[in-house]
Amino acid sequence: MKVLKFGGSSVANSENIQKVLAIVKQESKNDKVAVVVSAFGKTTDQLISAGNKALKNIADAKETLETIKELHDQIITDLITTHKKEVSSEVAGLFKKLLSIYEGLYLLQELSDKTLAKISSFGERLSSLIIANAAKELFDATHEESRKLITTNNDYLNAQVNFKITDINITSFFDKNKHQVVFLGGFISSNSNHETTTLGRGGSDYSASIYAAALGAKELQIWTDVSGMFTANPRVVKQASPISEISYEEAMELSHFGAKVLYPPTIQPSLRKEIPIRIKNTFDPENLGTLISNNPKNGNEVKGISHIENISLITIEGGGMVGIPGFSQRLFETLSRQKINIVFITQASSEHSICVGLYENDAAKASELLDDTFRSEIDRKKIKPIIVENNLAIIAVVGESLKNYQGLSGQMFSALGKNNVNVRAIAQGSSEKNISAVINKKDAKKALNTLHEQFFGEKIKQLNLFVTGVGNVGERFLAQIHKQNEFLKENLKLTIRVIGISNSKKMVFDSDGINLENWKEKLENGAPTSLESFYNKVKESNHRNSVFIDNTANQQVSEVYEKYLRQSISVVTCNKIACASSYENYKALKEISRKFNASFLFETNVGAGLPIIDTLKNLINSGDQIHKIQAVLSGSLNFVFNNFNENSTFHNVVEQAQQEGYTEPDPKIDLSGVDVARKILILARESGYQLELEDISKNAFLPLDTLETKNNEDFYTSLIKHENHFQKIYAEANDKDCRLKYVAEFKDGKATVGLQHIATDHPFYNLEGSDNIVLFFTERYPENPLLIKGAGAGAEVTASGIFADVIRIANQ
Ligand code: ADP
Ligand code: ASP
Ligand code: MG
């Protein structure tokens with residue numbers, strides 16, 4: 001004997017029911033089979049909603065009832081031929097009964113639990129009857145009324161089963177039964193007065209387990225719409241995967257903490273008789289699914305992660321509680337008397353406070369009851385009035401052998417902390433099969449994904465990017481990610497998703513990742529943006545491993561980094577303004593980044609994609625000391641002075657540099673030396689020196705009136721005017737067989753920048769195109785400096801430098 005249960009979506013329409021019948025036919029070839037079915041699709045929800053409508057407006061209720069009836073009629077038409085007439089008329093009779101109950105509700109204006117149970121029961125009464133008759137046309141089958149077999153107490157909506165009577169009912173029916181397959185409705189039952197009761201929402205799983213236990217079945221199969229019990233809810237965690245084997249206790253723990261795939265009470269009856277439970281997918285029957293048994297094959301220590309939303313926390317605290325026995329007893333008694341379910345308990349070891357987690361819709365009532373129970377203690381100020389907090393969720397990490405797994409809770413809470421998930425309360429069951437935490441509801445999705453990545457880490461890590469600025473650099477950066485994504489997935493087990501993009505006018509968001517094939521079009525049709533609204537959207541979307549990327553050269557953008565970092569969102573920027581602003585601000589950003597566990601990376605601030613800052617950091621972190629830095633750090637100035645000579649004009653060369661993307665949007669920032677000064681400032685600071693931009697002496701080569709121009713047009717006009725001045729600078733160097741290089745130097749705590757004559761034997765002499773070069777003279781490299789050289793400007797290399805910073809974050 002086997003028991004098979006098919007859930008609502010498995011029987012949502014004729015096509016699905018045909019799949020179900022094929023499975024049942026196959027499974028019943030060599031064995032007798034009991035099949036427990038749910039109501040069709042969402043019928044139970046609709047029946048209940050029609051009941052609530054009937055209280056206000058009978059026409060609305062009738063309309064919903066009509067929709068339900070249409071589905072049932074359609075299925076009869078599609079699947080039943082031989083007995084169509086009889087079945088149709090029996091079904092019509094049931095709908096007539098339902099209608100009269102709704103009409104009664106409308107007149108009485110009252111919907112009791114008893115009536116609600118009665119209404120809800122029609123879903124399974126109808127579905128089991130119809131499917132049994134459809135089956136009869138294909139194989140030997142019959143239908144039996146579950147309410148005759150499963151006997152319960154009077155808790156109409158959450159009835160407790162009387163197993164003694166129920167087991168006898170079931171065995172005596174099946175002993176007499178001659179048919180190969182018996183179809184039964186799940187969820188429904190009756191009390192000793194033959195009034196209809198139900199086993200709780202989702203209760204068909206439980207019905208099936210009751211039958212399996214009574215019959216001593218060799219297997220209970222729960223057929224649903226996913227391929228087993230997953231490591232986390234697959235609708236919330238895309239990377240979740242089916243668990244091949246799991247113990248009864250673990251499955252119970254996961255379902256208790258919200259894994260809806262199995263109704264929590266289901267395990268108990270099967271466990272008592274050690275009946276293995278298999279969870280299978282109606283839409284992928286070949287898939288082995290999950291086996292729940294006493295001796296699962298060893299798997300991960302952490303088996304799965306689940307969560308419950310809509311939780312409230314009730315806290316009782318006060319010095320008056322300490323050492324008084326019976327305090328918690330009164331608390332639990334009060335709640336249990338009113339059948340309020342406690343999901344979670346923690347008590348501080350000082351006994352100064354006790355905290356219980358409840359379903360949100362019980363919270364108000366619970367707090368009222370507890371206020372009453374503890375009235376006299378509250379009045380005498382022995383304890384504080386009851387505190388209720390709403391909008392919470394519980395997440396639980398589940399596994400049988402968690403107790404053997406050192407440091408697991410450390411890993412769990414540090415992963416949550418890194419992603420700015422605030423933990424409100426923690427409990428570790430004494431069984432040590434789960435560690436659970438109460439968090440804000442809005443963080444639930446992020447927390448689940450974070451923990452999943454942490455404990456099922458062989459899977460792919462995911463970074464979520466928010467990109468501001470899609471000019472030269474930003475555009476290339478997006479193109480590089482697009483091109484490289486497959487490689488990263490294969491080789492680094494990393495997916496990079498771009499969730500948000502903005503320019504100065506528009507923004508676009510897609511929490512599944514923006515398609516980088518056509519982001520431009522999407523952005524064009526995006527919503528209006530501002531720094532504030534972009535930030536709010538990023539915060540709202542609340543993804544784990546979030547990174548904000550600044551591809552602009554904008555002051556205001558640089559001022560929002562702090563806000564992102566404080567949300568534990570990493571910042572990657574090619575914009576130098578923040579790091580070259582006041583030392584105080586630079587230091588503060590670094591500290592906030594440390595405090596909130598968010599990276600702040602700006603490799604591209606010096607030498608574009610060249611690993612200059614990273615190398616410097618490695619030197620310092622490994623105990624080296626910087627004595628001197630000598631560098632050519634302006635790709636644009638290098639380009640200009642490499643191309644400028646007696647046969648060209650200065651302004652033409654500058655214009656060309658700008659066109660090729662080697663300059664800042666405002667080329668004067670490069671030519672005035674400000675840009676180089678910022679870079680050497682950043683290198684000095686990263687070397688551990690406290691310096692301000694004003695402390696750097698600049699030898700300007702631009703005439704004063706050129707420096708004072710206010711826009712690019714005036715700037716170029718001024719360059720034309722001063723062509724002779726520039727030719728003279730060139731000639732002076734050329735006469736001495738030297739080349740002009742704009743050199744930055746840091747030594748003895750002081751920095752200078754300026755144009756220098758470089759002789760043929762100097763390492764700077766042969767610097768090509770827009771190349772940069774840096775020489776680090778350090779404790780370990782005192783005479784022969786550590787040298788980094790290569791293309792130091794241009795959108796493509798800058799974009800690749802940003803990309804490298806993003807990868808650094810992924811590798812942390
Ligand atoms: P049925 O109608 O077959 O009883 P349910 O909707 O009650 O199906 O349960 C199946 C659903 O449970 C899945 O579609 C999935 O969304 C949800 N679910 C939640 N947690 C898990 C989990 N850990 N593994 C599998 N499914 C889960
Ligand atoms: N039909 C019932 C419900 O929706 C029982 C079930 O499907 O398990 O709650
Ligand atoms: Mg279910």
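1. A polar contact here is a pair of N or O atoms within 3.5 Å; within protein, one must be able to donate a hydrogen and the other to accept it, and residues adjacent in sequence count only if both atoms are side-chain atoms. By that rule, the side chain of Thr44 places an N or O atom 2.7 Å from a nitrogen atom of ligand 2. Glu124 brings a polar side-chain atom to 2.6 Å from a nitrogen atom of the ligand, while a backbone N or O atom of Gly202 sits 2.8 Å from a ligand oxygen atom.

2. Please keep in mind that this is a predicted model, where local features need pLDDT of at least 70, side-chain atom pairs count only at pLDDT 80 or more, and totals for chains, interfaces and linings use all residues. Residues are numbered from 1 along each chain as its sequence is written, chains are lettered from A and ligands numbered from 1 in the order in which they are written, and side-chain values use heavy atoms, leaving out hydrogens and water.

3. Asn542 belongs to the loop between α18 (531-541) and β22 (546-550); helices (H or I, at least four residues) and strands (E, at least two) are DSSP runs, numbered from the N terminus. Its contacts (heavy atoms within 4.5 Å) are Lys442, Asp443 and Lys446, setting aside residues up to four places away in sequence.

4. On overall shape, the C-alpha trace of the protein spans about 115 × 70 × 55 Å along its principal axes. The protein contains 30 helices and 30 strands.
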